[in-house]
Amino acid sequence: MAAAESPSAALRRRDLCSRGIRLAGKMRADVVDLLDAYVEQQGLDASASVAAVEGVPLAAVERWDEQTGTQRLLENLAAYRAFRALLAQMLEEQREQLGEADAGLGRALAAVLLQVSAFAYHLEELLRLESRGIPGEEGDEEEEDGPPPPPRLSLFEQKLRGQAVLRELAQWAVRSVRDLRQLAKPSPATGAAPGLAESP
Amino acid sequence: PQNLKCVTHNLHKMLCTWDVSSRGRHGQTDFCYTTNDLTPQVCFKTKERRVEIPIPESSITVTIKSSGAAFATREFVIHQKDISFIPITPHILSLMPDFPTSTLNLKWSDNGSVFPYGLDALWQIQILRKEAMEVVTQVTYYSKLTHEDAILSWSWTSDMPLECTSHYVKIRCYINATQFAGPKDWSDWSPEKVIPGKDTEPGGSGVFPLDRVVPVGSDLVFCCVHGEDEHIKNMTYGSKSYTIMQLSRRSHAIRVLNASVSNASGTNVVCTLENALEGSVVFVGYAPDIPQNLSCETPNFLVIKCTWKPGKPSGLYGGRRTKYSLFERTSGKNVSCEVNERESPRDHVCGFPVLPDQKIYDFILDVSNPIGQAQSSLLVDITQRVHPKAPEKLTVTGNNSTSIQLRWFINGSFAETRLLCQIEISSSHSERKLHNVSIPGRKSSTYTAQLNALRPDTKYQLRVRCSAADHFWRWSDWSRGLEQTTSEAP
């Protein structure tokens with residue numbers, strides 16, 4: 001049984017969790033708006049089922065309630081790091097394809113990218129709070145020869161991937177709110193928030 | 001021996017064949033011929049029922065003696081008019097596809113060395129397509145033989161992407177040998193050359209053409225190549241479904257007529273299969289218009305500012321947008337122009353450096369996008385196109401009851417130019433007056449002027465603008481205004 005946290009650490013974590021919940025909620029609203037604008041601007045079918053796209057982290061998880069707090073945070077962090085890279089690529093493709101044609105969408109995309117980066121940093125804060133080592137970024141190990149270049153997609157595949165990225169990001173924001181609420185819950189015995197390892 | 005027939009493929013030699021009764025089929029044959037200009041008879045033995053002999057000027061007498069079981073002799077007189085002329089079957093040297101433009105490039109040899117100089121040749125080229133090898137088009141191509149082997153080439157642009165299904169090409173020829181008396185006919189068709197479609201490739205799939213740029217008004221064919229066991233549900237262009245044509249078991253297509261301009265992110269062409277979604281994007285836009293009202297001037301003899309009216313927007317953005325470059329013929333210098341189609345859709349601007357010791361500029365404005373290009377040109381003497389910036393830092397440097405001294409600054413290198421500046425002065429007592437002063441220009445300098453005969457104790461509003469004194473072109477904008485009151489009379 002891990003030792004219970006000090007009251008100040010629990011307070012700090014609950015504060016981080018509640019701020020994270022607000023951040024995720026705002027991010028979700030912005031992502032949903034962005035997705036609508038993106039689908040319209042790219043001439044896509046909002047109702048079309050988009051197959052899972054390689055490299056886009058799936059929000060759906062089995063036995064969600066059995067996850068420990070650390071697992072929740074680590075999975076969230078990995079996902080938002082992936083979304084950060086995917087959104088950055090989308091932004092670059094957007095500039096390349098449209099230039100100044102739709103600056104509004106570009107700005108909205110950049111704004112969501114900023115929020116995703118902020119949220120990833122927030123998750124790292126939570127992990128630091130528990131003196132958990134922050135996992136290195138996926139590219140760190142391949143620093144010398146750099147991350148493998150993403151496969152060259154056709155324009156239509158780029159559009160579909162963009163739709164999949166935004167859809168899945170909206171789902172992740174919902175999951176993150178649930179995860180953070182789970183982490184913020186006080187432990188039934190001591191009334192203090194449990195250490196990350198314990199919280200189911 | 002019977003039914004003697006002779007065919008020539010090259011107007012030099014002819015191939016004669018004949019029939020024999022079944023009993024004499026395996027025996028030896030004595031074949032003799034003589035032309036009627038008293039040359040000695042030529043004979044030889046053969047087991048074949050075909051021989052190649054020279055073409056006679058007018059006629060030839062042939063004697064065929066078959067030995068063995070069915071001993072028989074028969075004599076034939078063959079006139080040139082009895083000999084058929086069927087050119088040698090042509091062979092395709094190369095068939096090269098250019099997928100981005102859906103063009104087939106064909107090369108073949110005309111075997112001209114075999115024929116006399118100057119004969120007219122006709123070539124029929126047949127393009128076939130689909131699994132059923134339907135004839136798509138047949139074209140006749142004309143050439144003149146030059147008694148040398150010439151390589152002929154011809155191109156054909158398909159109405160559908162070459163990836164959609166296999167395209168086959170074959171050719172045949174007809175030589176108009178007017179001097180030859182015998183009947184003339186087309187050669188056999190050459191063996192087909194094929195450019196295989198993606199629907200023949202294992203795992204080949206997708207919508208084609210992929211990410212192409214086409215002019216507004218184009219008639220387009222899009223195809224969806226899929227697995228053999230996959231069933232196509234529908235194909236849409238933009239938001240509209242189209243009737244599907246089958247090209248092969250693995251390839252279906254739609255035809256879109258008179259395509260209209262697409263939006264910035266292109267028009268999606270989506271192929272919905274039972275378990276998959278394939279798609280492509282097409283960008284439908286306009287070739288650039290010829291730039292209108294190209295005009296160039298210099299504000300400061302450091303840079304030349306060219307402006308023009310671009311005409312209607314191309315509808316193409318990002319990497320496909322219309323690009324502009326300014327080329328100056330005398331110096332050979334080329335400048336690419338950064339133009340923001342959205343911020344200034346009606347007037348475009350481009351800067352070109354003033355070059356040392358060069359007054360006359362021979363500009364060509366090149367405009368291009370993936371659909372087309374255009375040009376405008378302008379010959380200009382920049383000393384006659386001076387349009388200074390508005391004077392800055394207008395200040396009063398001195399005044400008394402009847403005069404005011406002014407000073408202002410103009411950015412630019414006007415050392416070799418005389419400036420004409422105009423000072424506007426007005427007050428509540430008097431109408432607006434304009435005072436012109438001509439000043440030798442200098443390099444990024446201040447200039448002064450004095451206004452006299454003013455009324456004492458009077459508030460005046462002043463501002464200044466300048467232009468080139470020699471070869472007036474345009475006034476600068478007015479400087480910011482200034483208020484100054486003359487002192488009271490002594």
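**View 1. A cluster of aromatic rings in chain A of the predicted model**. Ring pairs join four residues here: A:Y80, A:F83, A:F119 and A:W172. Over all chains, the structure holds 18 aromatic pairs.

**View 2. The stacked pair of B:W18 and B:F31**. The ring centres of B:W18 and B:F31 are 5.5 Å apart and the planes meet at 25°, so the pair counts as stacked, the limit for stacking being under 30 degrees. B:W18 belongs to strand β2 of chain B (residues 13-19), and B:F31 to strand β3 of chain B (residues 29-35). The two residues are 13 apart, and their pair links distant parts of the chain. Both B:W18 and B:F31 are buried.

**View 3. The stacked pair of B:F31 and B:F44**. B:F31 also pairs with B:F44. This pair is stacked, at 5.6 Å centre to centre with 25° between the planes. Because B:F31 lies in strand β3 and B:F44 in strand β4 (residues 42-46) of chain B, the pair ties together parts that are 13 residues apart in sequence. B:F31 has a relative accessible area of 0% and is therefore buried. B:F44 has a relative accessibility of 31%, so this residue counts as partly exposed.

**View 4. A lysine over the ring of B:W189**. B:K170 lies over the face of B:W189. The distance from the ring centre is 5.2 Å.

**View 5. An arginine over the ring of B:F283**. B:R320 places its charged end over the ring of B:F283. That end is 3.4 Å from the centre of the B:F283 ring.

Technical notes
Residues numbered from 1 in each chain as written. Chains lettered and ligands numbered in written order. Predicted model: local features only at pLDDT ≥ 70, side-chain atom pairs only at ≥ 80, totals over all residues. Heavy atoms only, no water. Phe/Tyr/Trp six-rings, centres within 6.5 Å; stacked < 30°, edge-to-face > 60°. Helix = DSSP H or I, 4+ residues; strand = E, 2+ residues; numbered from the N terminus. Buried < 20%, exposed > 50% of the residue type's maximum accessible area, 1.4 Å probe, protein only. Lys NZ or Arg CZ within 6 Å of the ring centre and 35° of its normal.
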